[in-house]
Amino acid sequence: MHETAFQIFVNALLANNFVLAMFLGLCPFLGVSGKLDTAFPMGVATTFVMLVASLCAYGLNLLLGYFHLEFLRLISYIVIIASSVQLVEMVLKKYSPALFRALGIYLPLITTNCAVLGVALFQTAREYDFVQSVTFSVGGGAGFTLALVLMASVRERLQLSNVPDLAQGTALSLMLAGILSLSFMGFAGLGG
Amino acid sequence: MNPTTAKTWDEFMEGIWRQNPVFVMVLGMCPTLAVTVSAVNALSMGLATLFVLVCSCGLVSMMRKVVPKEVRIAVYIVIIATFVTVVDYAIQAISLALYDALGAFIQLIVVNCIILGRAEAHAAKNPPVPAMINATGMGIGFIIGLFALGAVREILGAGALFGVSLFGSNFQPWVIMVLPPGGFFVLGGWLLLFSWVERRKRRKQSGKLGEATQNA
């Protein structure tokens with residue numbers, strides 16, 4: 001593992017984009033990408049949860065390794081993620097009620113976003129150290145936000161165009177995602 | 001068919017056709033698209049999900065009167081995570097190659113919305129046996145969806161099915177189909193096909209209706 005922090009960041013952001021290349025976090029990607037106004041805050045909130053979850057998972061992994069309890073990893077990760085989402089929710093509610101209301105139902109749903117659990121699992125599998133874990137989670141979150149914002153912008157434009165009835169809805173979003181994913185393949189090898 | 005069997009059958013079939021998790025409800029997309037590069041991967045992922053789904057729905061349903069409402073989601077998640085850990089270790093013991101191919105996506109079954117959705121929407125309100133029957137239907141529906149994707153992607157992208165070459169050595173594989181964009185395209189294609197069939201059926205019905213009114 002001699003990846004520099006910069007390589008990890010670029011890889012997670014573009015070349016191995018969480019949504020478009022690794023298929024993580026597709027549910028919010030397809031569900032929340034209808035409007036640009038909700039897509040961006042959702043991306044930022046998810047990034048924040050990813051960062052918190054990644055920090056906690058790093059510490060927890062050390063603890064589990066110390067006590068030789070690796071088989072409890074999955075269960076404790078998911079509990080940690082659920083509680084950090086709860087924490088973010090409470091902090092937001094206290095200090096920024098406006099943003100809390102804007103995000104609404106999407107906030108608790110971050111718990112079941114596989115991108116968050118994915119960050120924790122991948123950083124463990126690849127044995128990243130502390131700095132690497134942090135850059136990985138921030139890069140992954142930024143990549144998620146980027147994909148969400150791109151998709152939302154395209155879908156907003158698409159509402160004005162004339163699409164065959166047959167292709168309306170999910171099929172159209174999937175085709176769009178395919179084309180986006182195709183263009184992101186151009187970044188392959190960028191992070192070295 | 002007497003009413004009880006009919007109802008059971010209906011609950012079983014619900015997940016396979018009317019509410020197919022992949023094609024109708026579009027749930028559990030992440031594993032669906034990520035592991036379906038070949039038919040074998042798709043089937044084993046489907047089986048793993050089926051096992052977790054049936055076991056956790058059974059357990060959730062048994063505990064539905066004990067668990068307080070406020071903490072139910074957390075309890076469900078812990079139950080699901082337990083069974084996923086079991087599956088994770090089992091696959092690792094059975095086939096290491098398969099374990100490497102599926103990678104982190106076995107553990108990501110925990111956050112598959114199909115399972116939590118079934119636990120919350122069905123198992124928490126019904127006794128164990130119907131809950132497990134319904135879960136089996138859903139799981140089989142999920143396997144069918146995964147297989148439909150995996151088979152198409154393997155045939156187009158590698159010219160093979162279950163690792164057996166289909167078209168001989170002259171076939172030029174359509175590599176994009178086994179790469180990430182192919183997953184989106186194939187699923188989009190299936191959805192288009194289904195909506196086309198649905199619309200044709202509806203048009204035929206309304207056509208018949210029109211004829212009937214004319215004749216009368």
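What covers the buried residues of helix 4 of chain B? The cover includes helix 4 of chain A, together with helix 3 and helix 6 (113-123) of chain B. A residue is termed buried if 20 or more other C-beta atoms lie within 10 Å of its own, exposed if 12 or fewer, and partly exposed in between, with C-beta atoms placed from the backbone.

## Basis of the model

This is a predicted model, in which local features need pLDDT of at least 70 and side-chain atom pairs count only at pLDDT 80 or more, while totals for chains, interfaces and linings use all residues. Residues are numbered from 1 along each chain as its sequence is written, and chains are lettered from A and ligands numbered from 1 in the order in which they are written.

## Chain A as a whole

Chain A has nine helices and zero strands. Helices (H or I, at least four residues) and strands (E, at least two) are DSSP runs, numbered from the N terminus. The C-alpha trace of chain A spans about 60 × 45 × 25 Å along its principal axes. For 192 residues, a compact globule would have a radius of gyration near 16 Å, and the 17 Å of chain A agrees with this. That radius is taken over C-alpha atoms, and the globule rule is 2.2 Å times the number of residues to the power 0.38.

Of the 192 residues in chain A, 43% are buried. Among contacts in chain A between residues at least 6 apart in sequence, 82% join residues at least 24 apart; two residues are in contact if their C-beta atoms, placed from the backbone, lie within 7 Å.

## Where the chains meet

The contact between the chains takes 31 residues from chain A and 32 residues from chain B. On the side of chain A that touches chain B, the largest share, eight residues, comes from helix 9 of chain A. By class, this side has 26 nonpolar, five polar and no charged residues. Here Ala, Val, Leu, Ile, Met, Phe, Trp, Tyr, Cys and Pro count as nonpolar, Asp, Glu, Lys and Arg as charged, and the others, Gly among them, as polar.

Not counting residues up to four places away in sequence, Val110(B) touches Leu74(A), Ile78(A), Leu117(A), Ile80(B), Ala81(B) and Val84(B).

Ile80(B), Ala81(B) and Val84(B) are among the buried residues of helix 4 of chain B, which also include Tyr76(B) and Asp88(B).

## Selected residues of chain A

Thr47(A) is found in helix 3 (residues 36-67) of chain A and is buried, because 21 other C-beta atoms lie within 10 Å. The C-alpha atoms of Thr47(A) and Thr145(A), 98 residues apart along the chain, are separated by 7.6 Å.

Most residues other than glycine have a negative phi. Phe23(A) has a positive phi, near 55 degrees, and Glu127(A) likewise has a phi near 55 degrees. Phe23(A) lies in the loop between helix 1 (5-15) and helix 2 of chain A and counts as buried, with 27 C-beta neighbours inside 10 Å. Glu127(A), in the loop between helix 7 and helix 8 (130-158) of chain A, is exposed, with 10 other C-beta atoms within 10 Å.
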